[in-house]
Amino acid sequence: MSKLDKLLRELCPNGVEYKRIGDFAMCFPGATPKTTHPEYWENGTIPWMSSGEVNQEEVTFTEKKITPKGYDETSTKMVPVGTVVIALAGQGKTRGKVAITRIPLCTNQSLCAIVVDETVISKYLFHYLRSQYARIREISSGDGTRGGLNLKMIKAYVVPVPPIEVQEEIVRILDSYTEKIDELTQNLMTEITARNTQYGYYRDKLLTPKDDVVVETLGNICRFVRGPFGGALKKEIFKPTGYAVYEQQHAIYRKLEFRYYIDKQKYEELKRFAVHPGEMIVSCSGTIGKTFVIPENAPEGVINQALLKLTPTNRINVFYLQYFFDNTISKILNSVARGGAIKNIPSVEELKAIKIPIPTLEVQQRLVEVLDNFEKICSDLNIGLPAEIEARQKQYEYYRDKLLTFAETGNTILSRAEQSRAEQSRAEQSRAEQSRAEQSRAEQSTD
């Protein structure tokens, strides 16, 4: 019999009492000093937590700090160490996530601080609320990403509250899993940093031209085509299928996933901008200098205005060109980029004038193979340890959910009738949200 089983038998022979959070904790939101008042922010010393920082899980720092004046003139409150914080709102998956503070701080209005009394261990509540993420999001008001939690919902949320000795043992067990995950994560980051440093050293050494290597301009070894400007690729002409439109995202993420297509007639009109296997596309607006070599299995299509197409001559290996572009030329492009909020590469003529060392094709191929091997080693590392971390995370979640499931006592703070009404209310709300979503989809379809 485990220590936890023994404690439950001795201290909870008739089950565990369930309580509302508001019955054992103070719950309060923070506030945001006006960003138009620099005296509230400049040289701030008081840590100020935004909703996105719940993703730290154990909050040891905040990106922003406010001044004592900013603190005094807003309703934000200091949150002590060991406070459980839950996101009331936030984009994407933030709403409903919880963290626990490891430094004194104050929060914004989209966070609820939960300060427990002596009957509950804050780390126990943290683990429990993590297990309730999906359910907490279900009870949020609104629908989709616009949903939100409020203090009333948090205070009314029901939590099993076993004796302190049981909470301590559960925290000890679950912390042992999270500590192992933290250790693996730290080892992974250390190893990745070391491998990337090693890779960067050898990459730079290999790509540094020798004295006897011929140096050529890009214009002499590649043919350049900039994507079509103007109305050549208006969204009105796009089709659900057909010839693919290559966008900046293809150079950035190197994935053959497409949003837009054109028909055969338009493709024939824009054939000058068509891509073929072995050519390289380069992002030249916004995120500059990202590259993608078109593979054999790529669909036929054309580039848009945010891309540049390079067709290498038989004097250069396209993957050697890509390595040199990624590690040298992209830095040059970003240093001379023009424009305001959205940067653009200089003219194609200026790009053609950039020089690149051209060793023999045999040497180029050997360099590519060595660099590919380094990248594979780094990639294998990124796959192996994260898989182990994911397995540990799932193991933690399995035991967390198992450990935090209790039989209720007959004296639970919510009567069965109250629980039934609460479940019924949640079900009705879920049906209403589904109905609104279906109506919205129908309206969009009509439009």
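Analyst: Let's start with the lining. The second largest pocket is lined by 20 residues, and those nearest its centre are Arg254, Thr291, Gln322, Asp326 and Glu375. About 410 Å³ of space lies in this pocket. The elements that give two or more residues to the lining are helix H7 (164–207), helix H9 (248–253), strand S17 (287–293), H11 and helix H13 (361–403).

Some ground rules before we go on. This is a predicted model, where local features need pLDDT of at least 70, side-chain atom pairs count only at pLDDT 80 or more, and totals for chains, interfaces and linings use all residues. Residues are numbered from 1 along each chain as its sequence is written, and side-chain values use heavy atoms, with hydrogens and water left out.

On a 1 Å grid over the protein atoms alone, a pocket is an open set of points with protein on both sides within 12 Å along at least five of seven lines, a cavity is a set where a 1.4 Å probe fits but cannot get out, and lining residues have an atom within 4 Å of a point. Points are joined across faces, edges and corners, and a volume is the space filled by probe spheres set on them. Helices (H or I, at least four residues) and strands (E, at least two) are DSSP runs, numbered from the N terminus.

Buried means under 20% relative accessible area, exposed is over 50%, and partly exposed falls in between (1.4 Å probe, protein chains only). S17 pairs with strand S16 (residues 280–285) in the antiparallel sense, over five bridges; two strands count as paired if DSSP finds at least two bridges between them.

Rings of Phe, Tyr and Trp (its six-membered ring) pair if their centres lie within 6.5 Å; planes under 30 degrees apart count as stacked, over 60 as edge-to-face, and the rest as tilted. One of the pairs is Tyr320 with Phe324, tilted, at 6.2 Å centre to centre and 40° between the planes. Tyr320 and Phe324 sit four residues apart in helix H11 (residues 318–336), which means about one helical turn separates them. Both Tyr320 and Phe324 are buried. Compare another pair, Trp41 and Trp48: edge-to-face, with 5.1 Å between centres and 85° between planes. Trp41 and Trp48 are both buried too. Elsewhere, ring pairs link Tyr246, Phe258 and Tyr261 into a cluster.

Three strands form an open sheet in the order S15-S14-S18, with mixed pairing. Strand S15 (261–262) and strand S18 (301–303) are at the edges with a single partner strand each, so one side of each has no neighbour in the sheet. Strand S14 (residues 243–246) and S18 run parallel, joined by three bridges, and Ala244 stands opposite Gly301 in S18.

Finally, how does the pocket compare with enclosed space? The search of the whole structure finds one cavity of 30 Å³ or more. The largest cavity has a volume of about 40 Å³. Lining it are Ile21, Ile86, Leu129, Ile136, Ile139, Leu149, Met153, Ile154 and Tyr157. Leu129 turns up again among the buried residues of H4. Helix H4 (residues 122–131) is mostly covered, with 10 of its 10 residues buried.
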